[in-house]
Amino acid sequence: MASAASDEIDILEKAKRLLAEDYVPSEDEDYMNERQRAYFRMLLIEWKRSIHSAAGQTLQSLADGPIREADLTDRASSETDWGIELRTRDRQRKLVAKIDSALRRLDEGEYGYCEVTGDPIGLRRLIARPVATMTVEAQEAHERREKISRDD
């Protein structure tokens, strides 16, 4: 585990060296060139790091002690807040798996290309959703098929 974190730090440092402070991928460059891959790697690693940090804070809050509200309404409100917080952390745990998958695709040279069509996903979509695996069109078709099968 410590080795994986150390490897991530090394990779992040390499990515930062490749990029200027204000670099943002542009349509004028070759798609998924080395700088763009470094940019998305850094973005994904930082996102994952922030999720782990938030999860650590939640765990610390849980370890600090149980809810001790005297008033039943206050206690119910606190329990509801904790329930929401824990559901959020669970969604973020699933997001970490998607981030790891995106990092793996970066390593394999598949990042930025649709898993269905093989077409470029596009920089604007990847900047908005760095874990995207499909083009907008392929995603919409997938969601239509999913909705139809749900309605049956």
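The side chains of Asp 90 and Arg 93 form a salt bridge, 2.6 Å from N to O. A salt bridge here is a side-chain nitrogen of Lys or Arg within 4 Å of a carboxyl oxygen of Asp or Glu. The model is predicted: local features need pLDDT of at least 70, side-chain atom pairs count only at pLDDT 80 or more, and totals for chains, interfaces and linings use all residues. Residues are numbered from 1 along each chain as its sequence is written, and side-chain values use heavy atoms, with hydrogens and water left out.

**Salt bridges**

Asp 90 and Arg 93 both sit in helix 3, three residues apart, about one turn of the helix. Helices (H or I, at least four residues) and strands (E, at least two) are DSSP runs, numbered from the N terminus. Asp 90 also pairs with Lys 94, at 3.6 Å from N to O. Shared partners join Asp 90, Arg 93 and Lys 94 into one network. Lys 94 lies four residues from Asp 90, again in helix 3 and about one turn of the helix away. An α-helix has 3.6 residues a turn, so residues three or four places apart point the same way.

How open are these side chains? Buried means under 20% relative accessible area, exposed over 50%, and partly exposed in between (1.4 Å probe, protein chains only). Asp 90 is partly exposed, at 31%. Arg 93 is exposed, at 51%. Lys 94 is partly exposed, at 47%.

Another bridge links Arg 41 and Asp 107, at 3.0 Å from N to O. Arg 41 belongs to helix 2 (residues 34-64) and Asp 107 to helix 3 (residues 72-108), so this pair ties together parts 66 residues apart in sequence. The salt-bridge count comes to five; the table gives three of them.

| Pair | N to O distance |
|---|---|
| Asp 90 and Arg 93 | 2.6 Å |
| Asp 90 and Lys 94 | 3.6 Å |
| Arg 41 and Asp 107 | 3.0 Å |

**Helix 3 and what follows**

Helix 3 has 37 residues. At 1.5 Å a residue it should span 54 Å, and its end C-alpha atoms are 54 Å apart, which agrees. The expected span is 1.5 Å times one less than the number of residues. Buried residues in helix 3 are Ser 78, Arg 89, Leu 95, Val 96, Ile 99, Ala 102, Leu 103, Arg 105 and Leu 106.

Just after helix 3, Gly 109 takes a positive phi of about 80°. Residues 109-144 carry the annotation "domain: Zinc finger DksA/TraR C4-type" in an unreviewed UniProt entry. UniProt positions follow the numbering used here, feature names are shortened, and annotations may be inferred rather than shown by experiment. The end C-alpha atoms of this span lie 29 Å apart. The span is 42% helix and 0% strand.

**The nonpolar core**

Which residues touch the most other members of the largest nonpolar core? They are Phe 40, Leu 44, Ile 99, Tyr 111 and Leu 126, out of 22 residues in that core. Helix 2, helix 3 and helix 4 (123-128) each supply at least two residues of this core. Helix 3 gives the most, with six residues. A nonpolar core is a set of buried Ala, Val, Leu, Ile, Met, Phe, Trp, Tyr and Cys residues joined through side-chain atoms within 4.5 Å.

Leaving aside neighbours within four places in sequence, Leu 44 contacts Ile 99, Ala 102, Leu 103, Leu 106, Tyr 111, Pro 130 and Val 131. Contact means heavy atoms within 4.5 Å.

**Gln 36**

Gln 36 lies in helix 2. Gln 36 is buried, with a relative accessible area of 0%. Beyond its neighbours within four places in sequence, Gln 36 is in contact with Tyr 23, Pro 25, Ser 26, Glu 29, Asp 30, Tyr 31 and Leu 123. Its C-alpha atom is 8.6 Å from that of Ser 26, 10 residues away along the chain.

**The whole chain**

The protein has five helices and zero strands. From the N terminus on, the elements run α-α-α-α-α. Buried residues make up 26% of the 152 residues. Among contacts with a separation of 6 or more, 55% join residues 24 or more positions apart. The protein exposes about 10,400 Å², and carbon and sulfur atoms supply 50% of it. Accessible areas come from the Shrake-Rupley method with a 1.4 Å probe; for residues, only the protein chains shown count as cover.
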